[in-house]
Every structure is written in C-alpha cells, then in structure tokens.
Amino acid sequence: MGALTAWITVDTLFISHADASFAGMWLFFATAPTSLLFLVVPSQFALIGVPVGAVVQAALLGAAYQGITRTRPVTAD
C-alpha cells in the first residue's frame, strides 16, 4: 500500500499529463470493495474509505491466516 501511495504521489505532483490522471483511483481499487462504498458519501469523506478499506482487508486477511495456520489438536481414536 505504501508503494502504491508513493507512486500516486509522484504521478500527481511531478508528472504533467495532457488530460486527467486516474492514478488516484488505484488506491480505491486496491482496498475495494470496502473503500468503494465510501464513494457514495459526500466528497470530503470519500478519502476516508481508503484507510478504512485497508484496515478491514488487513483484519480479514489476518483472520483467514489464523484460521488456516491454526494447529488442530490431534485426537487419539
């Protein structure tokens, strides 16, 4: 996420485009579907969806990892 944010910052600040650059949308795509829900709120709150989406994805991925790697006790038959 940090590398993506750095790329978007460099693209926005230092590269001139003949038309609009949609590089900022990649943050929403990387944290979708949670962050895309925030696009329907007023524009000043839309960017809150990116960190919220990142936290939700981190929590879900962490729970999935814990579920997959949890050692199950061996029962004697």
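Modeller: Let's start with S35, which sits in helix α3. Keep in mind that we are looking at a predicted model.

Biologist: Okay! Is S35 buried or exposed?

Modeller: S35 is buried, because its relative accessibility is 0% and the cut-off for buried is under 20%.

Biologist: Which residues does S35 touch?

Modeller: Leaving out residues up to four places away in sequence, S35 touches L27, F28, G49, V50 and G53.

Biologist: And what about T34, where is that?

Modeller: T34 is in helix α3 too. With a relative accessible area of 17%, T34 is buried. Its contacts, again not counting residues up to four places away in sequence, are V52, G53 and V56.

Biologist: G53 keeps turning up. Which residues of α4 are buried?

Modeller: In α4, the buried residues are G49, V50 and G53. They lie on the same side of α4, because they cover an arc of only 90 degrees around the axis.

Biologist: What covers those buried residues of α4?

Modeller: The cover includes α2, residues 25-30, and α3, residues 34-37.

Biologist: Let's talk about α4 itself. How far apart are its end C-alpha atoms?

Modeller: They are 30 Å apart. Helix α4 has 21 residues, 49-69, and at 1.5 Å a residue it should span 30 Å, so the two values agree.

Biologist: Nice. What comes after α4?

Modeller: The segment after α4 includes R70. R70 is exposed, with a relative accessible area of 55%.

Biologist: Which residues make up the largest nonpolar core?

Modeller: That core has five residues in all: I8, A23, L27, F28 and V50. One of them, F28, touches S35, L36, L39, A46, L47 and V50, not counting residues up to four places away in sequence.

Biologist: Switching topic: how many aromatic pairs does the structure hold?

Modeller: The structure holds one aromatic pair. W26 and F29 form it, edge-to-face, with 5.6 Å from centre to centre and 80 degrees between the planes.

Biologist: Where are W26 and F29 relative to each other in α2?

Modeller: They are three residues apart in helix α2, which means about one helical turn separates them. As a general rule, an α-helix has 3.6 residues a turn, so residues three or four places apart point the same way.

Biologist: How exposed are W26 and F29?

Modeller: W26 is partly exposed, with a relative accessible area of 46%. F29 is partly exposed as well, also at 46%.

Biologist: Let's zoom out. How many helices and strands does the chain have?

Modeller: The chain has four helices and zero strands. From the N terminus on, the elements run α-α-α-α.

Biologist: What radius of gyration does the chain have?

Modeller: The chain has 19 Å, whereas a compact globule of 77 residues would have a value near 11 Å. The C-alpha atoms fill a box of roughly 70 × 25 × 15 Å along the principal axes.

Biologist: How much of the chain do buried residues make up?

Modeller: Buried residues make up 16% of the 77 residues.

Biologist: Last one: among contacts between residues at least 6 apart in sequence, what share joins residues at least 24 apart?

Modeller: That share is 18% for this chain.

Notes. Residues numbered from 1 in each chain as written. Predicted model: local features only at pLDDT ≥ 70, side-chain atom pairs only at ≥ 80, totals over all residues. Heavy atoms only, no water. Helix = DSSP H or I, 4+ residues; strand = E, 2+ residues; numbered from the N terminus. Expected span 1.5 Å × (residues − 1). Buried < 20%, exposed > 50% of the residue type's maximum accessible area, 1.4 Å probe, protein only. Arc of directions from axis to C-beta. Contact = heavy atoms within 4.5 Å. Phe/Tyr/Trp six-rings, centres within 6.5 Å; stacked < 30°, edge-to-face > 60°. Core = buried A, V, L, I, M, F, W, Y, C linked by side-chain atoms within 4.5 Å. Rg over C-alpha atoms; globule rule 2.2 N^0.38 Å.
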